[in-house]
Amino acid sequence: MSAVAYTLAIFILLAAVATALFRDVLSAIVVFGAYSLGMAILYTFLLAPDVAMTEAAIGAGVTTILLLLTIARTTRPSTDKLFESVNVPAVVVCGAFVLVLTIQLLPEMYAVGDPDAPVWSNPEVTQAYLEQTYDDTGVQNAVTAVLAAYRGFDTFGEAVVVFAAGIATLLVLKREVFA
């Protein structure tokens, strides 16, 4: 991974920790939105724009709006404390877990565009998709064919999540009628 990806990973990790530690719910929601936006940028950097758009729409967009609407309809306790108290054993266990994952997994990731990456080591698979997609699916765009036909169940699951988030947003906004 590059320095930009490591910087994004550190930002995401810090935002996740801050989300867990903020005592004020509004602050936690705003930081959580920043976390989701960081994830969307990281997915874009890792050449996964479909996942990035979903994360930006659901994580940073709809979820943040739902959480903000929820706290707008509830009462906020007044407090002077900015952060929650920290459970030290839990922080040690979580920190050790993240450290092990960071040491073991991040160096194993291929750089974006690395010619030694497995996706490039088997170009006949890519070429087969490009050549056979239309015959297999009848769809002229290879990306659409992969998303809608070869990965149909996965895409259907993502569409269900987006639909459920939209319905939940409408219910919160009290616009159950689609007229």
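Relative accessible area divides residues into buried (under 20%), exposed (over 50%) and partly exposed (in between), with a 1.4 Å probe and protein chains only. On this scale A16, with a relative accessible area of 35%, is partly exposed. The model is predicted, so local features need pLDDT of at least 70 and side-chain atom pairs count only at pLDDT 80 or more, while totals for chains, interfaces and linings use all residues. Residues are numbered from 1 along each chain as its sequence is written, and side-chain values use heavy atoms, with hydrogens and water left out.

Helices are DSSP runs (H or I, at least four residues), numbered from the N terminus. A16 belongs to helix α1, which covers residues 3-21. Its C-alpha atom is separated by 9.3 Å from that of S36, 20 residues apart along the chain. A3 also lies in helix α1, and its relative accessible area of 58% makes A3 exposed. Between the C-alpha atoms of A3 and V98, which are 95 residues apart along the chain, the separation is 19 Å.

The loop between α2 (25-45) and α3 (49-72) contains L47. This residue is not a glycine, yet L47 has a positive phi of about 65°. Most residues other than glycine have a negative phi. L47 counts as exposed, at 64% relative accessibility.

Helix packing was described by axes, which are lines fitted to C-alpha atoms over the stretch in contact, with angles from 0 to 180 degrees between N-to-C directions. The axes of α3 and helix α8 (residues 152-172) come within 10 Å and cross at roughly 25°. That angle makes α3 roughly parallel to α8 (under 35 degrees; over 145 is roughly antiparallel, 65 to 115 roughly perpendicular and the rest oblique). The crossing of α3 and α8 is left-handed, a term for a near helix turned anticlockwise from the far one by less than a right angle. In contact (heavy atoms within 4.5 Å) are I58, V62, L66 and L69 of α3 with V162, A165, A168, T169 and V172 of α8. The residues of this contact divide into eight nonpolar, one polar and no charged, where Ala, Val, Leu, Ile, Met, Phe, Trp, Tyr, Cys and Pro count as nonpolar, Asp, Glu, Lys and Arg as charged, and the others, Gly among them, as polar.

For helix α6 (residues 123-137) and helix α7 (residues 142-150), the axes come within 10 Å and cross at roughly 55°. Accordingly, α6 is oblique to α7. The crossing of α6 and α7 is left-handed. Y129, L130, Q132, T133, D136 and T137 in α6 meet A142, A145, V146, A149 and Y150 in α7. By class, the contact of α6 with α7 holds seven nonpolar, three polar and one charged residue.

Rings of Phe, Tyr and Trp (its six-membered ring) pair if their centres lie within 6.5 Å; planes under 30 degrees apart count as stacked, over 60 as edge-to-face and the rest as tilted. By this rule there are two aromatic pairs. The rings of F32 and Y35 are stacked, with centres 5.8 Å apart and planes at 25°. F32 and Y35 are three residues apart in helix α2, and therefore separated by about one helical turn. F32 is partly exposed at 25% relative accessibility, as is Y35 at 23%. The pair of Y129 and Y150 is edge-to-face, because the ring centres are 5.2 Å apart and the planes are at 65°. With Y129 in helix α6 and Y150 in helix α7, this pair ties together parts that are 21 residues apart in sequence. Y129 counts as partly exposed at 40% relative accessibility, and Y150 counts as partly exposed at 34%.

Methods:
Helices (H or I, at least four residues) and strands (E, at least two) are DSSP runs, numbered from the N terminus.
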